[in-house]
Amino acid sequence: MHFLRSSLIVAGKDLRSELRTKESLNAAISFAIVILVLFSFAVDPSAEQTREIAGGLLWLVFAFAGALILNRSFARETANDCLDVLVASPVSGAALFFGKALANWSLLIIVELVSLPVFGLLYNMNWARSPLLLAAVLVLATWAVTVIGTVFSALTVNLRLRELMLPVLIYPMMIPALMAAMRLTTLLVGGEAVPAEDWIWFRLLIGFDIIFTSLALALVEVVLVG
Amino acid sequence: MDARNFTYMFYGFAAAWAILALYVLTLVARERRLRKELDTVRRMVEQRESKAT
Amino acid sequence: MREKTLFALGVLAAIWLVRNLYVMFLGLPDEADQGAIYRILFFHVPSWFVCFTGYFLAGAASVLYLARKNPVYDVLAVSTVEVGLAFTLIGLATGSIWARIIWGIWWTWDARLTWALITCLIYAGYLMLRNAIDDPTTRAKNSAVLCIFAFTSVVITYKAIDWWRTQHPGAVLSFRTGGGAMDPGMESMLYQNFGALLLLAAVLVAVRMRQEQMRREVESMRRYAHAI
């Protein structure tokens, strides 16, 4: 399938270029760890409190760290007219977007996998009690953040105030996915089972992913090519 | 008319009208600014056209 | 639209609003528990209807712009979003004041209110994005895409009271429940005020559209002036 192959090629290119310098990856991971450490000074949470806020804290950290990664996503192509070359190439706009989204997703997952053990250490939480469900939440919610962030990165690529505009635009749009992720992560990281009424959050995440991925794939061609 | 909670009802209506009025004022201000800009640019174009010919 | 037509429509809207105010205060029965404050609903609900209509029109205009590339759709989109945002603020303010009396709190984070706030933030972001892009074609194109994304939040805000248990009152209007949940006189007043506010909004949109056309003219003349 041409689409999938082109996407994987673009994803590979982005990942290779990022992993060579590790610029935004290091920035995102450092940022995540700093916030986690600072927060423990800010609030000095007891075990009870940590259990309640775990999901919220973790996903705020991931969302902010993610913005650092997502900002670079299309921005790295502006030098030397790389973006024009990519758009002119046989790779379709949708495949370009999908490849970049895959690469951003991978990078954000790396940030999350590094942050979770740090969180577990600093706050004495055993986050690996329901690994499969937690992995499902991470996969789905990270994709939600990535899809929105990559599309809006394309929208804002040529702006002077890109670093400011991108967070302003993406955070309101991501709120439903973040809410679901926070609620589910709080339950899972605290070692509880997911009660019946909270399974709706999973459905919300899946619905959100499907709707916004379709919208993004449909519209990104317009943004990139015109 | 039942007059319980009348004060807050008044505040509510006042808020609605105030926001509308504020918006209309911004429209009026923008109109004035745009007309001035239009005149300035028109004059600039005429100046440059007469200089070019 | 011609100045005179706009002015006439504006006067018509004003007269209709005044007539509605009269009926609101002197013609309608009192509500059993709420006292006078319930009359705020006659501005709260219609404002949100006007705002949703505006955002829907903006979304449709954005789709049309992307399909036809005619700049008039872009002008329509930005005008309806701006007027819609003004009515969103009215809706939030009136709702908050009502809540202060009835619930005792200015704000709560239930689904309906949260999504209303998100909608407000997203469309404010739309206006910010437009201000940040200088080239008119890119501006129209990118903001059209953002507008289409933004409309999803409007749909969710509207359906929030059906999908979640909310502190915000559930559906009472007859087109949502099939009838019987609200006094017909009050419900008809809601629709009347919706009509009046919609007319007012249409006048504001027309004025804003004219200003946007003027702005585009200024921009293009400036480019021409620098070229010669």
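Q: How do you know that the span of helix α8 of chain A agrees with its 27 residues?

A: This is a predicted model, and the check uses its C-alpha atoms. At 1.5 Å a residue, residues 199-225 should span 39 Å, and the end C-alpha atoms are 40 Å apart, so the two values agree.

Q: Where does α8(A) bend, and by how much?

A: The bend is at Leu219(A) and comes to about 35°. Leu219(A) is also one of the buried residues of this helix.

Q: Which other residues of α8(A) are buried, and what do the buried ones pack against?

A: Among them are Trp201(A), Leu204(A), Leu205(A), Phe208(A) and Phe212(A). The buried residues of α8(A) pack against α4, α5, α6 and α7 of chain A, together with α5 (136-163) of chain C.

Q: Why is Lys69(C) called partly exposed?

A: Partly exposed covers the counts between the exposed limit of 12 or fewer and the buried limit of 20 or more. Lys69(C) has 14 other C-beta atoms within 10 Å, so it is partly exposed. Lys69(C) is in the loop between α2 (41-68) and α3 (71-102) of chain C, and its phi is positive too, at about 60°, although it is not a glycine.

Q: What makes up the secondary structure of chain C?

A: Chain C has seven helices and zero strands. Of its 228 residues, 43% count as buried.

Q: How do you know that chain A and chain B are not in contact?

A: Contact asks for C-beta atoms within 7 Å. No contact joins chain A and chain B, and their closest C-alpha atoms lie 23 Å apart.

Q: Which chains share the most contacts, and what does each side bring?

A: Of the two pairs of chains in contact, chains B and C share the most. Chain B brings 29 residues and chain C brings 31. The side of chain B that touches chain C has 19 nonpolar, two polar and eight charged residues.

Note on methods: Residues are numbered from 1 along each chain as its sequence is written. Chains are lettered from A and ligands numbered from 1 in the order in which they are written. This is a predicted model: local features need pLDDT of at least 70, side-chain atom pairs count only at pLDDT 80 or more; totals for chains, interfaces and linings use all residues. Helices (H or I, at least four residues) and strands (E, at least two) are DSSP runs, numbered from the N terminus. The expected span of a helix is 1.5 Å times one less than its number of residues. The bend at a residue is the angle between axes fitted to the seven residues ending there and the seven starting there. Ala, Val, Leu, Ile, Met, Phe, Trp, Tyr, Cys and Pro count as nonpolar, Asp, Glu, Lys and Arg as charged, and the others, Gly among them, as polar.
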